[in-house]
Each structure stands twice: as structure tokens, then as C-alpha cells.
Amino acid sequence: MSYSLNEVEATAKRATRGAGYGWGMAEESGRATRWLCAQGLDGASELVRVLERGFAGSVADHMPSGGNTDWTGARDLCPLMTGAALSDWSDLLRAGPIRIERLARPMILIPFAAFAARCLNTVVTVRSGDFSAATDGAQLAIENECPAVAAQVLVTAGGSLTNPSALQSRATPDPAAWDMLNRFAHRTYAPATEESRLLGAGAGLSDND
Amino acid sequence: MTNPPHIARRDPATVMRLSRLGALHQCRLSFMRQLTRRMARENWTFSRPAFEIDETGVGHAVYTAQGPNHAYSLVAFAHDLSPEQRSDRVIAEAWDATFALFDGIPSAADIQRLSQNVPLQEAGRVSEAELSLSRANRSVRLWAHVVDRLASGQQPDLDQIYKVGYLMRTTAVYGSGKFGAADREKIADRPETSGPFQAEMLSVYLTRVFVRDLVQHMARVKGGGQAVQLDPEIAKWLGIGNSTGLGMAPFIVNHPILFNNWIMAREEAIAKVRSIDKATAGEVAQFRQIFERSKLSVSWWRSEHPIQIEKLAALNTDLCAISEYLDQADLTKNQPWNQLILWAQNALSEEGQELLASLILEPYGELVDDLAGGMADSNAGAQVIDGAIPVGKVRDLIRGSFNWALDLNWNAAEHCARAWYVSEEKLEPRLGERFDEPIADYEQPLAPARDAALAFRALADWPDDTPIAEFLLRHPEHRHTVRRAQMSCVAPYGEIRDNTISAEVLPIDMLRAKLSFFGATHFDPRSDRWVRICMYSGAPYPEDLTDQNADLWVYPELAS
């Protein structure tokens, strides 16, 4: 089925919150997932694989050290946390590359590289082994398969955007992944109770008038 | 002679209080008026390619509006609804009528597809070809009255029409990609839909035509040869109602830049008019005439809710005071509009002050209407946090919007009594009692003031010159607050300067603020979190729309 990008963003945001991240990270995740889908990639599947890792339960272990240009964590780095940090620290890319060790699902880092590219007004390239992704913020050119976990990722300002993929206005996520996202999202919905039904929306008056 | 200094926009600390937002009135920049002015100016044409409704009132109709470059079609489905199913809430599952706004002219296959989905609303799916999805329920009493009267060869009673204002009220109008519809990006670059909610306003405008035609059809079915045609002069006063619950309140909190742009446009318009040194006799006459017409509109405004009854009493007192002022004032010189606004600050309730602030814009379309162009949010970059901004600057920004909130005891029950949440029942947005209901774990981020106070405290020990990115690495839980603080640089009117989770909060204030920008009138709260309004009452129908009547229809004028 085809979904609007707004639906993707809203669902990804709720799912990320449902998986235990804060609202600010959930907003980042929604925008990142939408961005991937706009590039014709299955952002929903990528996000589900991140949320299933359960990083939000021990955030400190999966956060990059930050501040310098060699980023490591106690364990595999969460690409949402690392991506947000990359976007926040995009200024560092002006001086040289950022090296990231042991990054889970590096595909999720790419939208954040795009946000950095927009701020720097330049192409930003993400490389890991023979995989590379170059983006100017709006468009993306990918070469080779993106690994599930990257031993090392190099993010640099610069690179060329050859044969970028066409932008999509709709998303067609894998149905199983979409279903999982909705299950994560469901955790943010309060269970139905009679009291809530009667009082929560302020009804009680008849509408049959 | 030097020009007097330009008067500054009003302080956000004044404008963004909830009680004032809950007293806002429509103005020249309202979205319905933007649309009708444009359609008249551009000579839009309208047609009804289908009206296939049977004798029981079930079937479909299509209404097409053709602009200079694009056509838009309302596809309407009429249903036979049993009274016990009639509910305005999100949790309803059936309606008197359901609608989609189709981008272009639908084929038979499109209508077939929509007929299987649109009547289901949230439980169905629409596609990228649709721009909005909506539904409406009858005002049971007025519907029966109008059908019965027309069927028996009589015209309906105008007093009843003034009292209710509409034959049907919409209970949700979904746009921007909801339930599979096209994302806003699809239409954001078209001149006619670049402004906020223009597609939704068009859908409601066409819905009004459909409802008029449907009531006529039902009267003919009932009365046969005895039935008469609804007098166009009476039909004009039939608007479309809207019944709105809590969904709109999160919207204005979740879109601080968009909401800022609405408020900022109106505040800039007010400041421009206040800065005018001298008014011509023609401008003054126009203002006086519009004021008289707005008094007539207020006289039709009914509410049974104690809060609105009190506000209406104050507004009526204000109208008398304004009349007295206008009887004595020379409005042609000495910054007359500024004098009027300054007088109002001490003499009138917030209802009266905001009514006047909207009314002074009326003679000055050429000066202020262009501000409508800045009311959309095209600043996607503002979502990206600038991590290089130092802690001290973020602290200043938080103080700028929330200084009043920083010393509040946010653990005290009265300051955090409520929590906003989404129910798993059709995802209905609700507001609950934090200490009485098991809802705190599901709280939505709709208390920016409390969250700002928490972030401010967490920032206390951080040096002023540390980049905020470093703080966010340790405190990702404050990320949404830091983002909002940075947005406030470009959006001074983006934050509500009140506690949105206090025991005293009135969500209807937030609903009214949003609805006033749509151009709604006759706000009628049904509870502290539910409001009914009227849209397009007095507006010309498509066949009558001209440059002469496309704008000021919101101010009623009795036929002489």
C-alpha cells in the first residue's frame, strides 16, 4: 500500500516515542524516516531494525562521546542518537571528517548527514567499506550495499552527487515493518476506559440536536 | 512635517496569553476570506457534474471549482443515518454526509473507489489524488424545519436560521496527507493553495453548496409539486457549522512557526493601521459601517455555555462603549486607529479589544492583504537544531518565552493537574486528570512551559559558552525544548504564554484561536474542551460570487 510522507513521519515519530526515546529524538526519527522514504528507500524497515535493538533502554551506552571527531560508545552506537549528534555538530565537518566506530544501521545516519549538508551548504558523504552515500540535503546517490552494523563510518564534507535517485512523493514500506512501527506507536496510546471516553474529550452533551 | 514613528507590534507577552487567544476574532487575513477574494478575482467557474441522490437522500454528488490552472472537485456522499449514530466526536463511525476534495476532475473509476472508502472516513483509505477527507452531520432541528417548510410551500423562518446558522456541521476536515491523502507539498507551490488551509476551506465552501442542494432535493421528495425553491436571500444566511474537539489544540502547540506566522501577520497588520496618521472620510465611513454590521452579527451569536454567556455579556457592553466613543471621536486625524486601540486597552474586555483590532483593518485591504502571503510555514530548516549555539543563548531564549514559568512549582497539583494524551479508541485526542487517571505515561508533549522550566533547571550548571550540542548529548530528553527555544528566534509569537496543563486551563481558548484564523464566527463552546462555530454564513454561493461581495460577506447586512 502507498502512504503519504506525512503518515510516515507521524507513524515513525510515535513509534520512536513508543520504543522509549524522548519526544525530541522521536521528532528527529520521524523526519529521518520520511527523508529516506522520499529517496525511494524503505525507511520504515530501517527504523524498525533500530527500534528492535532496544537502545533507548540504556541510552548512555549507545551515545557517541562527541565533542571531538572520533566517535565511539561503550557498545554499538544508536544511529538516531548518533545522527542527531552529527546534525548538531555539523560545524565540525568544516575542519575535517568525523569517524564513527561500531554504528548500528548506518542507513539511518544518512538523513542526518543530509540535514548537516543543508546547514553547511555542501555535499556530505558517508562511507563504510565500499558503501558510500553522498547527499546535498535534498537528493541522494548511493553506491553498494549498506552494512547492518558498520565497524567504522567516515563522514566528510565534500564529494559529488552523481546520478542521484529521483525523489518520491509516496512511500511503500514493507507491510511487516509498517505493522511493527504501528505496534511500537500503539504503546503511546492510552488504553480505552469508560471514564476517559466520557470525560476526556469533553463530550456528554447530545449531538443529536 | 515628519512621519510619526511606526507603532510596534504588540508584545507577545500580551498577545499570547490564553484568555486573549480565546477572544480572537476573524479579520481580513482569515483563510475563508482569502479564498473567496481569490476565487472572485480570478473568475473561477463552478459546475455540478453529478447529483445522483435518491428519494431516501442516499447517493453522491460532485461539485467542481475551476481556477486558472487547476480544477478541484468535492465528491460528496449522502447517507441515511439513524439518530443514535449521530455523534460529532472522533469516535463516531457513521455520518449524515462524507466528502473528499479531489485534485482535478474525478473519473467514474475514481468515484467508485472513493465510494468504498470515503464513507468509512478514518477506517478507509484515500489516495494522492485527494486533498482532504471530511464529514458532516445535520443540525437535526433546523434540517427538519427547512425541509418541512419548503415541502409545504413555505419559506423557512429566518429567526431559526439566524439562531442555528447552518444545516450541517463538519466534525472533521482532514488534509495534509492524512489517511493516505496527498501531502501538502503537492499543492504548496500553487498560488491558490500556498496559503494555509486553502484546500480545506474550498472543500467546506463547496460542502455548503451541496448541503443547500440536498435540503432542496429532500423538500421536493417530500412535498412533490407543492414544494418551493429556497429563497436565495434566505439560503445566503445558511453557513456550514463545525464541531471541534481537542484535536486543534495540539495543532497550534505542535506547529509553533506556522502559528507564529498567523499571529504575526495579524499583529503586523494591526501595527500598520495603528501607524496611519490620518484617515480619509471614506475610510472612516467604511469602518463605521462595518462596525454597525458586526454588531448585527454579534446579535445573532448564541451560546448556552456559562463562560461564553459571560464573555458575550461583556462584548455587548463593549459594543455600547465603542458606539459612544465613535459618536464623539474624530477618526480622521492624530493616529485615530492607534487612539482607538489605546482607549480599548483600558475600556473594553478582551473580546471587545480583539474585535476592534480586527475591525480597524477593514478599510485598509491594500495596506494589509499582502501580509497573507507570509502566513504559511515554508521554513523547514527551522526544525534543525543549531548545535553550535551556546548554552547562554538558549537560556536567554527560554527566558524570553517562559520567564513567567521558571519559578512555578511544577510539582504542585494545581500546576500540572492535567495531561494531554491520545486514546487508543480511534486515536481521539483527550485531556485527563493526571492524579486521578492512569494517563501520565501516555502524556503528549503539549506543556512547553513546564518542559522549558525543566530544561532551564538542567542547564543551570552548564557554562554559558558551551555549545548546546554538548548539553544535548547528555540530556537528549530536553531536545524538543531546545528546538522550540531556537525556533522562538524566528517565531516570537510561537509560544503560548500560559500553562496548558493547569487545573484551570480552558482548551476552548486554543480551539478558538485557530478557528478565528479560519474566519469562523459565533463560537459556541459545548464544554471547556469542545466548540461549535459557523463558517461562510452570509457568503455568496458560487453562482453569485463577484469582486463586490467576495470579501465583506462575513458582516451581515439586512436587505433594505
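Student: Which domains does the domain assignment of chain B give, and how many Å apart do the C-alpha centres of domain 1 and domain 2 of chain B lie?
Tutor: Keep in mind that this is a predicted model. The assignment for chain B gives domain 1 (42–235) and domain 2 (380–490). Between their C-alpha centres, the separation is 40 Å.

Student: Thanks! How many residues of chain B are in contact with chain A, and how many of chain A with chain B?
Tutor: Count each side of the interface on its own. Chain B brings 52 residues into contact, and on the chain A side the number is 44.

Student: And which element of chain B gives the most to the side that touches chain A?
Tutor: Several elements of chain B each supply at least two residues to that side, among them helix 5 (140–151), strand 8 (418–423), helix 18 (468–474) and helix 19 (479–490). By class, this side of chain B has 20 nonpolar, 13 polar and 19 charged residues. With four residues, the element that gives the most is helix 18 of chain B.

Student: Let's look at helix 19 of chain B. How is helix 2 of chain A oriented to it, roughly parallel or roughly perpendicular?
Tutor: Happy to. Helix 2 (residues 23–38) of chain A packs on helix 19 of chain B with the axes 6 Å apart and at an angle of about 75°. Angles from 65 to 115 degrees count as roughly perpendicular. Helix 2 of chain A and helix 19 of chain B are therefore roughly perpendicular.

Student: Which residues of helix 19 of chain B make that contact with helix 2 of chain A?
Tutor: On the chain A side, the contact uses A:W23, A:G24, A:M25 and A:E27 of helix 2. The contact as a whole divides into two nonpolar, two polar and three charged residues. From helix 19 of chain B come B:R479, B:H480 and B:R483.

Student: How many charged residues does the contact of helix 16 of chain B with helix 19 of chain B have?
Tutor: Here helix 16 (residues 391–402) of chain B packs at about 75° to helix 19 of chain B, with the axes 9 Å apart. Helix 16 contributes B:V394, B:L397, B:I398, B:G400 and B:S401, while helix 19 contributes B:V482, B:A485, B:Q486, B:S488 and B:C489. By class there are six nonpolar and four polar residues, and the charged count is none.

Student: Now the sheet with strands from both chains: which strands stand at its edges, and why is one side of each left without a neighbour?
Tutor: The open sheet has three strands in the order 9(A)-8(B)-9(B), with mixed pairing. Strand 9 (residues 189–190) of chain A runs parallel to strand 8 of chain B, joined by two bridges, and strand 8 of chain B runs antiparallel to strand 9 of chain B over five bridges. Each edge strand has a single partner strand, so one side has no neighbour in the sheet; the edges are strand 9 of chain A and strand 9 of chain B.

Student: Last one: which residue has a positive phi in the turn between strand 4 and strand 5 of chain A?
Tutor: Strand 4 (residues 124–128) and strand 5 (residues 131–135) of chain A pair antiparallel over five bridges, and A:S128 has A:F131 as its bridge partner. The two strands form a hairpin with two residues between them. In that turn, the residue with a positive phi, about 60°, is A:G129.

Technical notes:
Residues numbered from 1 in each chain as written. Chains lettered and ligands numbered in written order. Predicted model: local features only at pLDDT ≥ 70, side-chain atom pairs only at ≥ 80, totals over all residues. Contact = placed C-beta atoms within 7 Å. Nonpolar A, V, L, I, M, F, W, Y, C, P; charged D, E, K, R; others polar. Pairing = 2+ DSSP bridges. Axes fitted to C-alpha atoms, helices over the stretch in contact; angles between N-to-C directions. Parallel < 35°, antiparallel > 145°, perpendicular 65-115°, else oblique. Domains from an automatic or database assignment.
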